[in-house]
Amino acid sequence: MSKWIVEDLEEGLRYSYKLNAILASTQSEFQQVDVVETTPFGRALIIDGLIQSSQLDEFVYHESLVHPAMLAHATGPKRVFIGGGGEGSTAREVLRHKSVEKCVMVDIDGAVVDFCKEHLPENTEAFADPRLELIIDDCKIQLENAVEKFDVIIMDLDDPLESGPCYWLYCKEFYEMCKSKLNPGGILITQASGAGVKQHGAVFAPVYNTLKQVFPAVKGYNQAVYSFADEWGFVIAFDDAATADIDAETVDKRIAERINGETKFLDGESYTGLFCLSKAVRKTLAAETRVLSKDAPAIFLSHMTGVSNYTKESTSTK
């Protein structure tokens, strides 16, 4: 008899994958965290019942989140702020950039950070890098109180779940504060939840429109992430509109000059492809009128609790 992890993605839609072993689990003040071994994805990090990253394809998500903003910066960012990112993979990609002198990573959940340090060895080097300043606190408070400004701000946050700590970090008031903490020519990037054919209107579109109210140039893009069972959305906002467009040749040149080691997913051609949104998604973005605020945030309902509570038995022997 085998066990399967079951995720309720939306009303009437469940996603399941075979669980081989629960490697480690912890319950923090904010969330349930598990590292598991799965058949299709290898080792996976699961938070509150939803897969966050997997050995198979975490590089797709993290390279898509980090490098477009870092490479778009005209001279190469020296100071970078990461909101969230507790597993350490976002910091790992940031610290591959030779120009980075300081990376401040602020995650509210110290238990999750410690858990990931222990159980995700691929990020050991990043956590030990002297350029990384790790702070366990509310990223909004730390950013508001920051004296020195940043060249790039990366928001690698949980989705805006009803019971989670992050839902109001997708609002106009927060983005206005972020803009005030950027150096001239600075760039903000945020993950923006599912952005496939059905879900792109839930968070991706209003986040895009909200950032348009704050920054002179904003671009949305998406990328299929196999373990997420959807295309994933990202929104990038530029303090200087002149830095918003770079061609494939420039991307390849900057990767060669700026990044230590070889990227696994991103190059000039795939960078260009990220921004080739479908006609349906482009129409939704163009028509979007919602502006997210503390009084009117985008909220998903939270519904999962942890591996022991969301596995199901199967009589299949396969």
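This is a predicted model: local features need pLDDT of at least 70, side-chain atom pairs count only at pLDDT 80 or more; totals for chains, interfaces and linings use all residues.

Q: Which way do strand 3 and strand 4 run, and how many bridges join them?

A: Look at the bridges. Strand 3 (residues 32-38) and strand 4 run antiparallel, joined by 6 bridges. For a landmark, find aspartate 34, which stands opposite isoleucine 46 of strand 4. A hairpin of 3 residues links strand 3 to strand 4.

Q: What joins strand 4 to strand 5?

A: Here 4 bridges do the joining, and strand 4 and strand 5 (residues 50-54) run antiparallel. Alanine 44 has serine 54 of strand 5 as its bridge partner. These strands also form a hairpin, with 2 residues between them. Check aspartate 48 in that turn: its phi is positive, about 50°.

Q: What should I remember about side chains in a strand?

A: In a regular strand they alternate between the two faces of the sheet.

Q: How many cavities of 30 Å³ or more does the structure hold?

A: The count is 1. The largest cavity has a volume of about 60 Å³. Its lining includes Arg43, Ala44, Leu45, Ser53 and Ser54. The elements giving two or more residues to that lining are strand 4 and strand 5. Strand 4 gives the largest share, 3 residues.

Q: How do the lining residues of the largest cavity divide into nonpolar, polar and charged?

A: They divide into 3 nonpolar, 3 polar and 4 charged. Glu58, Glu87 and Glu122 are among the lining residues.

Technical notes:
Residues are numbered from 1 along each chain as its sequence is written. Side-chain values use heavy atoms; hydrogens and water are left out. Two strands pair if DSSP finds at least two bridges between them. On a 1 Å grid over the protein atoms alone, a cavity is a set of points where a 1.4 Å probe fits but cannot get out, and a pocket is an open set with protein on both sides within 12 Å along at least five of seven lines; lining residues have an atom within 4 Å of a point. Grid points are joined across faces, edges and corners, and a volume is the space filled by probe spheres set on the points. Ala, Val, Leu, Ile, Met, Phe, Trp, Tyr, Cys and Pro count as nonpolar, Asp, Glu, Lys and Arg as charged, and the others, Gly among them, as polar.
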